[in-house]
Amino acid sequence: MDYPISRHPEFHYKTEFQSHEPEFDYLKSLEIEEKINKIRWCQTANGALFLLSTNDKTIKFWKVQEKKVKKISDMNLDPSKAVGNGSIASSSNSSSPKRCLANGGSPDRSYNYMGNDFSFPPGGLPSLHLPVVTSQETNLAARCRRVYAHAHDYHINSISNNSDGETFISADDLRVNLWNLEISNQSFNIVDVKPANMEDLTEVITSAEFHPTLCNMLAYSSSKGSIRLIDLRQSALCDSHAKLFEEPEAPGSRSFFTEIIASISDIKFAKDGRYILSRDYMTLKLWDINMDSGPVATLQVHEYLRPKLCDLYENDSIFDKFECCLSGDGLRVATGSYSNLFRVFGCAPGSTEATTLEASKNPMRRQVQTPSRPSRSLSSITRVVRQGAETPGVDANGNSFDFTTKLLHLAWHPTENLIACAAANSLYMYYA
């Protein structure tokens, strides 16, 4: 990425490499897909890029670095007589190979250095010089530095770097493990929610992330819609949380789908670590880590789908896991939806911004109009997206939706107002 200060970032193709290969767990008779679940950038060093990637079972630590291609130039040979390995091409064909010694010499006493195939440069012996090694081209090489395997019995759903630059966590349905980047054969189990009897299991871990600045703090979410903030200084096994963030259930609102749609699919810390953004199936919620009584903002994303929860359950769409992200300045949040749509909300006090864009070459096609009445508080952003329409296949804004095309992954540039969205096999980037 290279751009002047006055222009928006421009991205160019850099390189690609195969991170994981299909595997087979013979002990459990289980096929392990090569599909990558998460990628996290690590701290750079010496101009090299470092990243963590994981599939369902195995985490890998990669180093991507530019390597110069070295070439030998200023040879004393005539290029017309040089062959691929730099030796002189011979015009005479010998029927019997010559015997050579181990050091490359010849057992024959008669040496003919001045053969027909060799000629001195016009300047004679003084003009001979040593070849020079030059490096004119560079190519990118990816090398796997570490492989962190055999630490998770269940599928890995999250990895997150620590701000200390030395450790990271990986989380599956029941456990969170702490790793050192330099040690691949040992990890520490810091969260374990597995009950003694699996029949007593009521919730699973859905996402986990380190605090962006405090190396001793991390948060993880659960399928019951709660977020737990834990402090690694309290104990080695952090089964007890420092803070619990959850929204009390409204009386009389419980249904068969209540727990399913309450499950949190993703959490993200704001850049300053003050707020946590969470995404469940219906909403985005913004939490203040200093206030555990409830979210400071609830942003409706899929409220128009509430009448169709039965259909969504039948086709398994209700279990889709949408990611969320925050802008670098913390003033906006975004998440994906169906029909390759993504939604951007303003979360500053008094903001009424709520925009729906389609991941396509014409993203403004489905922009939602901002309500004319200004909001009085942060929580009133929930009224920006109106209630669901009754017409099947049409959302609240009059647009048809398609459950087969979904925008699950998106990321916000850490400093620029730029969003990258992954829709199907395409990557779209939008700058405002």
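R175 and D192 form a salt bridge in this predicted model, with their closest N and O atoms 3.3 Å apart. The pair links distant parts of the chain: R175 belongs to strand β9 (residues 175-180), D192 belongs to strand β10 (residues 183-192), and the two are 17 residues apart. D192 is partly exposed, at a relative accessible area of 23%. Both residues also take part in a network of salt bridges that includes K28 and D153. In total, the structure holds 16 salt bridges.

Two further pairs can be set beside this one. The side chains of R228 and E203 meet in a salt bridge at 3.2 Å, N to O. R228 is buried, because its relative accessible area of 15% is under 20%. R254 and E249 form another salt bridge, in which the closest N and O atoms are 3.0 Å apart. E249 counts as partly exposed, with 44% relative accessibility.

| Salt bridge | N to O distance |
|---|---|
| R175 and D192 | 3.3 Å |
| R228 and E203 | 3.2 Å |
| R254 and E249 | 3.0 Å |

**Chain overview**

The secondary structure of the protein chain consists of 2 helices and 25 strands. Of its 432 residues, 40% are buried. The chain exposes about 25100 Å², and carbon and sulfur atoms supply 51% of that area. Among contacts between residues at least 6 apart in sequence, 51% join residues at least 24 apart.

**A sheet of four strands**

Strands β3, β4, β5 and β6 make an open sheet in the order β3-β4-β5-β6, and their pairing is antiparallel. The edges are formed by β3 (38-41) and β6 (132-148), each of which pairs on one side only. On average, neighbouring strands of this sheet are turned by 25 degrees against each other, direction ignored. Within the sheet, β5 (residues 59-73) and β6 pair in the antiparallel sense over 15 bridges. The bridge partner of K63 is R143, in β6. In general, strands of a sheet pair through backbone hydrogen bonds, either parallel or antiparallel.

**The hairpin of β24 and β25**

Strand β24 (residues 418-423) pairs with strand β25 (residues 426-431) in the antiparallel sense over 6 bridges. L418 has Y431 of β25 as its bridge partner. The two strands form a hairpin with 2 residues between them. A424 lies in the loop between β24 and β25 and has a positive phi of about 55 degrees although it is not a glycine. At 74% relative accessibility, A424 counts as exposed, because the value is over 50%.

A nonpolar patch on the surface is formed by F11, L427 and M429, which together have about 290 Å² of accessible area. F11 is found in the segment before β1 (23-25). F11 is partly exposed, with a relative accessible area of 38%.

**Two serines in loops**

S339 also has a positive phi, near 60 degrees, in a residue other than glycine. As a general rule, most residues other than glycine have a negative phi. S339 sits in the loop between β20 (332-336) and β21 (341-346). S339 is buried, because its relative accessible area of 8% is under 20%.

S265 is located in the loop between α1 (258-262) and β15 (266-269). S265 is buried, with a relative accessible area of 15%. Leaving aside residues up to four places away in sequence, S265 touches T206, S207, R279, K321 and F322. The C-alpha atoms of S265 and K321 are separated by 5.1 Å, although the two residues are 56 residues apart along the chain.

Conventions: Residues numbered from 1 in each chain as written. Predicted model: local features only at pLDDT ≥ 70, side-chain atom pairs only at ≥ 80, totals over all residues. Heavy atoms only, no water. Pairing = 2+ DSSP bridges. Axes fitted to C-alpha atoms, helices over the stretch in contact; angles between N-to-C directions. Patch = residues over 30% accessible without salt bridge, like charges linked within 9 Å, V, L, I, M, F, W, Y side chains within 5 Å. Areas by Shrake-Rupley, 256 points an atom, 1.4 Å probe, with all protein chains shown as cover. Salt bridge = Lys/Arg side-chain N within 4 Å of Asp/Glu carboxyl O. Buried < 20%, exposed > 50% of the residue type's maximum accessible area, 1.4 Å probe, protein only. Contact = heavy atoms within 4.5 Å.
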